Amino acid sequence: MAQTLSLEGGATVPALAFGTSGIAPELTEASVSRACITFQNAGYKHVDCAPVYGKEPEVGKAIAKALSQGLLTRDELFVTSKLPCTEQEPEDVLPCSQKSLKDLQLEYVDLSLIHWPLKFKKGTPMLPSAEHFLPSDIKSTWQAMEKTVQAGLARAIGVSNFSTKKLQSVIDYAVVKPACDQVEMHPGWQQQILRAFCKPRGILVSGFSALGAPGTFYGRNDIFSLPVVTELAAKHKKTPASS
């Protein structure tokens, strides 16, 4: 049985997720469909997406197909989405959540995250410049996120790319406690301080770019050559990527 992790409130989340950030839009539907088919028995039933990736409609088509074919049930499927930096005004949070659900062809997401502790102007490109930034008010955004839980649009809410200091500020005023902090995490950046902070508080630390995201504008190209990786690969007779 595939490993699952616990979220605040008793829900469980499959430990292994199928991320959709780096997939070409025209390949997204087929890729997510294949993930549901190939990994059905292995428990690959967690799909991670976000409006800023520009692929939620394609993800939604794949999910609808998998559900209609009986590859898994909605209760077995775990879907994570994220609130963009351009939609952090309190009045934008609910409409953005509803738009995501329409694109995903779902009535709710299992986990909704504030994508970054940053606020941008509408229409900001993927790589923002200084003029795109706005003063952030995470408290009002979080309170609007809590309303998505009350409305049944999200089963749990959390954050992404938050430091311990920013996460503590959310904890201080939250009525609905953050269930998760999704951050870049791999052998070259193990997030030890954040994990130590979150564990006693019951907050799940979820990692993205587990292989370092080589070739991207933000990633690292040296993960596969780190001694801890090459030594483990040799010990278990695996490639560095699979070790």
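Modeller: Let's start with what covers the buried residues of α3: the cover includes α2 (56–68), β5 (78–83) and α4 (138–150). Keep in mind that this is a predicted model, where local features need pLDDT of at least 70, side-chain atom pairs count only at pLDDT 80 or more, and totals for chains, interfaces and linings use all residues. Residues are numbered from 1 along each chain as its sequence is written, and side-chain values use heavy atoms, with hydrogens and water left out.

Biologist: How do the buried residues of α3 fall when seen down its axis?

Modeller: Helices here are DSSP runs of H or I with at least four residues, strands are runs of E with at least two, and both are numbered from the N terminus. Buried means under 20% relative accessible area, exposed over 50%, partly exposed in between, with a 1.4 Å probe and protein chains only. The buried residues of α3 are D92, V93, C96, S97, S100, L101, D103 and L104. Going by directions from the helix axis to the C-beta atoms, they fall within an arc of 165 degrees, so they line one face of the helix.

Biologist: Which residues have the most contacts inside the largest nonpolar core?

Modeller: A nonpolar core is a set of buried Ala, Val, Leu, Ile, Met, Phe, Trp, Tyr and Cys residues joined through side-chain atoms within 4.5 Å. The largest one has 41 residues, and α3 is among the elements that give two or more residues to it. Those with the most contacts inside it are V32, V59, V79, L104, L167 and C198.

Biologist: Is N161 buried or exposed?

Modeller: N161 lies in the loop between β9 (157–160) and α5 (164–173). Its phi is positive, near 65 degrees, though N161 is not a glycine. Most residues other than glycine have a negative phi. With a relative accessible area of 17%, N161 is buried.

Notes. Contact means heavy atoms within 4.5 Å.
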